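User: Please take a close look at a single part of this assembly, namely how one chain packs against its neighbours and within itself. A connected account would be appreciated.

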Amino acid sequence: MNIASGIVFQVLQSVLVVLIAPLMLGWVNQCRAWLQNKSGAGIWQPYKVLNKLFHKDAVLAHNASHLFRSTPYILFGCMWLAVGIVPVLATSLPFAPAADVIALVGLFALARVFVSLAAMDIGTSFGTLGARREMMIGFLAEPAMLMTLFTASLISHSTSLATIVETLGHRELVIYPSMAFAAVAFLMVLLAENARIPIDNPSTHLELTMIHEAMILEYSARHLALVEWASSLKLTAYITIGIAIFVPWGIAQAGDWTGMLIAIAVLVVKLTLAGAGLALLETVSAKMRIFRAPEFLGTAFMLATLGMLTHFLLER
Amino acid sequence: MDASFLQPIEAAVTLSVIWIGLGLIGLAFMRAPRLVSHAVFPAGALVSILLAATGLWAIGAPPSAAILPAGLPDLPFHVRIDALSGFFLLLLGGVSFGISLFAVGYFRDTEAATLGQLSLQYHVFLASMAFVLIADDAYLFMVTWESMALSSYFLVTTEHHEERNRKAGFIYLLVAHIGAISILLCFGVLHGGHGDYTFEALRAAELSGFWATVAFLLAFFGFGAKAGMLPLHVWLPEAHPAAPSPVSALMSGVMLKTAIYGMIRVIYDLIGGIRWEWGLTVLLFGAATSLFGVLFALMQHDLKRLLAYHSVENIGIILIGIGLSMVFVGSGHPVAGALGLIAGLYHTLNHAVFKGLLFLGAGAILKSTGLRNLNEMGGLIRYLPHTALYFLIGALAISALPPLNGFVSEWLTFQASLQAPLLESSVVRSLVPIVAAVLALSGALTGMCFVKVYGVAFLGQHRHELAEKPREASRWERAGMLWLAAACLALGLLPVFMIGQLNNVSQALINAGLSNEAMASDWLWLVPTSSAQASYSPIVFLLVIAVVFELTYLVVRQVYHGRLRRSDPWDCGYPEQTSRMEDTADGFGQPVRQIFAPVFLIHREIPRADDPQPVFKQSVQDRHWYWLYRPIARFTEFLSGHVGKLQQGRISIYLLYSFLTLIALLVFAQ
Amino acid sequence: MELLLVLGVPFAGGIVLGFWGHREFAPELNSGMSLLTFLAAAVLTVHIIAGGPILVWHENFFVDSFNVFLVALTAFVAFTTSLFSRPYMRIELNHGKLSPNRLRLYHSMYQMFTFTMLLALLTNNVGILWVAMEAATLTTVLLVSLYRTPASLEAAWKYFILCGVGLAQALFGTILLYFAAEKVLGAGGSALLWTHLYEVKDQLEPTVLGLAFVFLLVGYGTKVGLAPLHNWLPDAHAEGPTPISAVLSGLLLNVALYAVVRSKVLVEGALGTHFAGHLMMGFGLLSVVVAAFLLSRQKDVKRLFAYSSIEHMGLMTFAFGMGGALATFAAMLHMTVHSLTKSAIFFTVGHAAQKSGTQIMDNIRGLIDSNPTIGWGLMLGSLAILGMPPFGVFASEFMILTVAMHQQPWATPFLLAALGVAFAAIFGKVQPMVFGTATAKRLPHPPALIPVFVHLAIVLLLGLYIPPYLAEWYRQAAQLIG
Amino acid sequence: MNLPFYTQLINLLAALLLLLAFAMLTQRRILSLINLFALQGFVLVLSTLVVAYSTHQSHLYYSALLTLILKVLFLPWIMHRLIHALNVRWDVETLIDIPATMLIGIVLVIFAFNLAAPISQFAGTITKSTLGIATASILLSFLMMITRRKAVSQVIGFLTMENGLFFAATSATYGMPMVVELGIALDVLVGSLIFGVFFFHIRETFESLDIHHLEKLKER
């Protein structure tokens with residue numbers, strides 16, 4: 001493969017995903033509004049919010065440390081790296097070998113740890129509350145996520161996302177019952193990890209229910225903008241991981257320009273559908289009490305494990 | 001150095017003896033405490049680094065052996081250094097270098113007499129660990145093994161005026177001794193009645209399947225007791241906090257690793273013929289240990305105790321790696337086995353580095369604030385910026401976050417567990433990934449725990465009015481921490497070099513290393529089996545994040561602005577933000593306590609509604625005390641009570657005993 | 001010549017101190033006599049090692065590697081104990097626990113006791129051995145009852161009766177031995193000489209010798225302190241003056257075990273089976289287990305270490321019972337290190353008890369603060385006796401255990417469990433005495449702790465390095481009896 | 001031949017010895033106990049003399065003389081003095097009642113005979129059949145020591161055991177070598193003196209010679 005075209009592909013994919021991530025969020029919100037019989041703010045609203053936030057003066061608490069100030073950038077960097085690694089449009093990207101699925105999970109964990117630390121930096125009651133809950137969700141979701149990914153890895157004998165996509169998408173079609181279990185589990189993890197209903201509600205600031213919002217209460221202006229952007233990136237990254245593992249058809253190989261164009265088209269369709277589906281899910285379910293979350297994620301873990309066992313039993 | 005003049009083994013022995021000599025010098029000059037702290041300890045650090053170099057040298061060199069003119073008449077002390085010993089010597093030397101540097105500053109204000117004793121015990125401790133690693137006969141191994149326990153016992157009880165520390169020391173030495181008895185028994189079984197007790201003879205002895213399993217179980221029990229494996233871990237959270245912080249670092253960072261060394265040495269090298277059932281045992285115990293360790297760590301508010309429980313957890317992770325390796329080797333897949341072994345060994349090294357660093361950080365906090373209770377700390381990042389940075393590196397490393405070193409070894413362990421499809425038995429095949437999930441869970445819980453530690457100790461507002469402003473650690477202390485923090489980074493970013501060394505170790509032990517493709521990859525890419533299967537490049541990882549960080553920073557400033565305003569925290573507009581409104585360390589662990597309630601033994605005292613001065617008390621205890629240790633103690637008491645009844649003071653009864661003995665023997669003799 | 005000195009000096013010392021034992025200089029005189037004995041024993045040892053066994057005085061005295069090793073040990077520990085007893089007994093006198101007359105008795109009996117032990121070791125005559133053992137009992141009975149307190153009287157009485165009865169059995173065993181030997185060697189003195197007996201041991205009547213061994217084992221075994229014949233031992237150790245506890249534990253028990261071992265070799269030779277060895281192993285194991293379980297019930301510090309002595313004597317008996325060069329070697333090494341360590345422990349315990357004014361362990365605290373040397377001595381001594389490397393006790397235990405695992409695998413779990421229990425019991429009690437906050441007062445005379453550290457240093461050395469000549473010596477002895 | 005006659009005589013004395021041992025076992029009074037002890041000593045002297053005369057073992061005469069002085073004259077005299085001084089003439093209480101003791105005693109005698117039977121067949125002495133009796137009397141005195149509660153009677157039991165041993169030595173082997181005999185006698189003498197001293201101390205300390213005062217040191 002040509003190194004230069006690989007790098008072009010890499011940059012192209014990253015920039016593209018980073019740019020459309022707020023759009024994804026806007027789309028989900030818009031769908032949700034429609035489903036709730038509201039008119040909605042429009043799918044471009046997240047961009048407007050970001051722009052507004054960047055313009056504002058940043059306000060920092062007196063006792064904020066460097067950690068607090070650098071976290072938004074670190075977060076943004078992590079998420080950028082994540083979307084750079086996931087084969088959103090193409091496999092065999094030059095950065096892809098830098099991290100496999102496990103490292104990807106580690107990357108999300110790194111981001112989570114930094115956000116939580118930043119939340120505790122000021123020393124407010126909400127910040128620590130949010131950090132505690134976030135970490136709780138995190139430690140429950142992470143094993144489930146890994147088990148899901150392991151199922152895919154065991155099928156393709158690889159933890160590299162590129163190889164998984166190539167195995168599952170570019171070869172003959174085989175029906176893997178284990179993947180069904182994994183897909184459901186992945187969906188549950190996705191909801192939990194991205195602060196969606198039924199675990200968290202991204203659109204509330206009701207103190208008793210906040211998780212993610214509680215952590216970023218002290219951020220303002222450009223810092224908040226980066227954090228928000230990073231969370232939309234995270235949602236996109238998760239959805240694209242889901243796509244890569246469960247519906248990988250259409251992803252191009254790096255250097256294949258026509259494939260690339262098809263891949264973009266296919267991706268747009270997939271993302272549109274995924275966003276609508278997510279909105280539907282969020283609309284039909286209600287938020288849980290915080291201590292129902294372990295049950296929810298425990299179920300996800302069980303499903304993922306079952307998927308893996310199914311793989312060992314049926315698919316060898 | 002020319003190999004024909006000096007063998008690694010000679011260097012290692014000489015350096016260890018120098019350590020003992022330094023200890024004695026420290027004792028002899030205890031009236032000159034400045035000299036002891038500023039000359040003896042740095043000299044010890046110098047020996048450490050030389051020893052580390054020797055270790056590194058030995059990994060690549062062929063095994064060299066020697067016989068020392070001491071020991072039993074029929075069994076003089078045999079010493080031998082091979083790749084495995086070399087690796088552990090590297091670990092010992094590398095980690096103790098940082099710790100000794102730290103100790104210079106940490107002990108500078110210690111009382112003269114105590115310092116003299118500390119110096120002796122500390123260096124003897126180091127030397128006995130080195131000798132454990134190079135011992136090549138059962139006797140020398142046992143002698144140095146127990147000397148190690150003994151010297152560290154005295155270090156643990158340095159502050160013996162506190163009841164807690166005494167109790168900790170007692171439990172520590174008791175468990176260590178029982179473990180040693182088991183190890184001794186294991187050597188006896190291994191010996192099988194032929195030859196002497198050199199490792200060479202033990203290696204050569206042919207054991208039947210049953211006795212090999214017995215030997216394995218004894219070794220596993222004995223070394224597990226030292227390593228802090230469930231359910232023999234009870235001494236660990238007691239002993240580590242009791243010791244002075246550099247010693248805690250040494251015990252947790254290095255001493256526990258000698259147990260891992262012993263386990264590998266005995267199981268892989270001396271017993272040989274590994275079976276997968278053994279591996280499964282190790283694997284399951286490892287998984288249970290790691291989960292249990294981290295859950296209890298989350299319940300702690302004493303920083304050093306918390307770190308001690310994390311040592312339990314990490315020992316569990318190491319055991320998972322080794323267990324995987326044994327499962328694979330036992331099932332005839334040495335290449336996968338090598339991966340597991342390398343993962344286990346690499347985690348051993350990583351844990352030594354970051355746990356040493358964290359204990360030193362805890363020591364720095366203790367020294368400058370006098371605090372060990374997390375619930376009283378807060379906001380230390382503003383007083384101890386350097387310590388805070390090093391501690392953050394350690395915390396991220398132990399939480400297995402990329403791109404630091406803890407992640408590399410956990411990643412390798414995951415990779416090893418994903419080799420499960422190679423296995424024939426479907427039960428084991430499905431168990432292995434579940435263990436991997438447990439590993440993931442404990443990794444995530446560790447992350448939570450260190451968010452708690454770091455958030456509560458270094459961030460937020462301080463909770464406790466200190467008499468004076470905490471002072472940043474001294475230069476020596478910072479140098480020690482810097483060394484270990486740099487090691488965390490280096491091992492995290494450039495794992496390939498060390499993996500190559502570990503591959504030598506694995507080659508020497510099980511005659512198998514990683515696949516050729518894996519070894520062919522360059523320094524940038526860590527590839528466990530083949531690049532199609534998995535790869536990881538921490539440098540690219542870090543670079544991308546750093547570049548994006550920098551670019552974003554610049555772009556935001558360029559396109560918009562960098563204006564900043566300071567104000568009070570907002571916090572949803574609540575007034576009166578005091579430090580009492582922050583989560584305490586206990587509060588932070590509350591979700592875990594609730595979710596895993598059955599694991600803990602929780603005592604609560606809840607105030608009544610009309611209580612004028614309501615106090616809420618809660619303690620979390622380890623059920624093992626009640627399930628395992630108390631019953632054993634009771635049973636012993638019960639037995640000794642009955643034996644005691646025989647001796648009731650009446651001379652007629654005593655005469656009757658003699659009489660009956662005589663009659664019985666006469667009947668027997670006829 | 002040296003032999004004459006070895007026996008003559010303590011005997012003369014006993015008589016001289018019988019007159020002057022209450023004088024101001026008596027403790028020094030006592031030490032001086034012991035030093036002379038030790039020097040004579042050292043010279044004797046050198047001769048034996050260089051020149052081989054000797055037989056003197058109408059074959060009535062016989063010195064070979066085995067007993068000269070014990071002679072040297074006995075003389076050495078007796079000497080160091082006399083050093084320790086100098087300040088110790090002065091303090092006791094100052095505290096009013098003794099009258100000058102009793103002190104005279106003490107000094108005289110101390111020398112006499114040494115004499116009887118050396119006599120028992122050196123004699124070639126089984127009958128004289130018995131006489132010496134009985135005499136040793138009598139002298140120590142007087143020493144144990146020295147304080148004339150109710151407890152010490154009770155202890156001495158029990159000691160006297162139990163050991164008296166025990167030794168009576170040993171005499172019967174001796175008679176049976178003589179009876180059997182007389183058939184082969186003819187009546188008269190030579191039939192009771194070890195040297196002659198060994199030469200004809202395969203001609204002796206097995207039935208008789210089997211019975212004789214039972215009586216000898218029960219008899220001398222009582223003195224060794226083998227369970228269930230051990231009941232006198234803790235009482236006597238706890239209630240007597242501490243120097244006497246030290247020599248009882250460190251020496252007398254060895255001498256009694258020496259008698260048992262000599263008999264065992266003879267009897268096994270006659271029987272051609274492992275009967276005697278099995279009996280010894282059984283008793284040894286029982287003692288180890290019983291003592292280990294009794295340890296945890298102790299409140300009195302000297303009683304605690306008395307039980308520890310039972311445990312170790314049991315271990316040695318077990319090892320001698322197993323036989324074979326290595327086990328015997330180990331047992332003799334264990335004898336040496338146990339004597340040295342246990343007497344060192346008693347030295348420190350004695351001073352600790354004097355400082356605290358009590359032997360009850362709960363009331364002794366923080367020795368390391370009030371007197372670091374006593375504290376460290378007790379701590380290191382206890383760790384050594386518990387078999388903690390690098391002390392020599394571990395070396396011998398290692399050898400005993402490894403041989404046991406090889407030859408008697410069934411016994412090892414018991415041994416190891418007992419060692420574990422003993423460790424928990426002793427260490428759990430010693431640690432609070434040594435550490436913590438002090439409760440002690442100053443002593444009127446500075447304690448003599450050099451012997452403690454000399455003993456411990458030797459024990460430490462033996463754990464790491466056994467000098468070749470010493471090893472050779474042990475080996476010769478093991479050859480002799482193994 | 002004269003030998004059968006002497007053998008008969010010795011057997012008679014041996015039987016007497018056993019009888020006396022039984023008598024002591026059942027005797028409740030200390031004074032009679034001492035007398036019985038002296039009597040036993042006397043029988044011992046007689047039997048030794050008979051053996052000495054019949055076998056021309058000259059050293060046995062010395063033994064007999066030693067026994068006479070020590071066990072027939074000196075020790076009973078001392079003990080009489082003692083119990084006068086200590087005023088302990090009251091009856092002896094036993095721990096086990098007398099009939100039971102007797103029964104056990106009989107079992108012991110059977111056991112002892114059984115034990116001695118294989119040994120005595122090797123003996124070349126005229127007294128070989130008495131070895132069983134000697135063994136029996138040793139065991140009986142052991143039993144006596146177990147059952148008695150008073151310090152004095154325990155000591156008498158102890159000395160009786162010594163008698164049994166002496167008898168065993170004479171009957172099995174015509175006595176031990178002289179050096180040993182002398183040593184044993186010396187030990188017995190010194191031992192008895194120490195016993196005497198002890199009686200005074202015990203009496204002084206506990207105001208009684210009952211050994212149940214001596215049960216303080218124990219493990220309970």
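Analyst: In this predicted model, helix 6 of chain B meets helix 17 of chain C through B:Arg166, B:Gly169, B:Phe170, B:Leu173, B:Leu174, B:His177, B:Ile178, B:Ile181, B:Leu185 and B:Gly188. On the side of chain C, the residues of helix 17 that take part are C:Thr412, C:Leu416, C:Leu419, C:Gly420, C:Phe423, C:Ala424, C:Phe427, C:Gly428, C:Gln431 and C:Pro432. By class, this contact comprises 12 nonpolar, seven polar and one charged residues.

The geometry of this pair is as follows.

The axes of helix 8 (residues 209–227) and helix 10 (residues 245–271) of chain B come within 8 Å, with a crossing angle of roughly 170°. Helix 8 and helix 10 of chain B are therefore roughly antiparallel to each other. From helix 8 of chain B, the contributors include B:Phe216, B:Phe220, B:Phe223 and B:Lys226, while those from helix 10 of chain B include B:Leu256, B:Ile260, B:Met263 and B:Ile267. The contact of helix 8 with helix 10 of chain B holds 14 nonpolar residues, one polar and one charged.

Chain B also touches chain A, with 70 residues of chain B in contact with 70 residues of chain A. On the side of chain B, two or more residues come from each of helix 15 (405–417), helix 16 (426–457), helix 20 (538–559), strand 3 (564–567) and helix 22 (590–595). Helix 16 of chain B supplies the largest share, 16 residues. In terms of class, the side of chain B that touches chain A has 42 nonpolar, 19 polar and nine charged residues.

Strand 3 of chain B also pairs with strand 1 (residues 58–61) of chain A, in the parallel sense and over four bridges. Within this pairing, B:Arg565 in strand 3 of chain B stands opposite A:Val59.

There remains the contact with chain D, to which chain B and chain D each bring 13 residues. Helix 5 (residues 131–147) of chain D gives the most to the side of chain D that touches chain B, namely three residues. That side of chain D has eight nonpolar, no polar and five charged residues.

Terms used: Residues are numbered from 1 along each chain as its sequence is written. Chains are lettered from A and ligands numbered from 1 in the order in which they are written. This is a predicted model: local features need pLDDT of at least 70, side-chain atom pairs count only at pLDDT 80 or more; totals for chains, interfaces and linings use all residues. Two residues are in contact if their C-beta atoms, placed from the backbone, lie within 7 Å. Ala, Val, Leu, Ile, Met, Phe, Trp, Tyr, Cys and Pro count as nonpolar, Asp, Glu, Lys and Arg as charged, and the others, Gly among them, as polar. Two strands pair if DSSP finds at least two bridges between them. Axes are lines fitted to C-alpha atoms, for helices over the stretch in contact, and angles run from 0 to 180 degrees between N-to-C directions. Angles under 35 degrees count as roughly parallel, over 145 as roughly antiparallel, 65 to 115 as roughly perpendicular and the rest as oblique.
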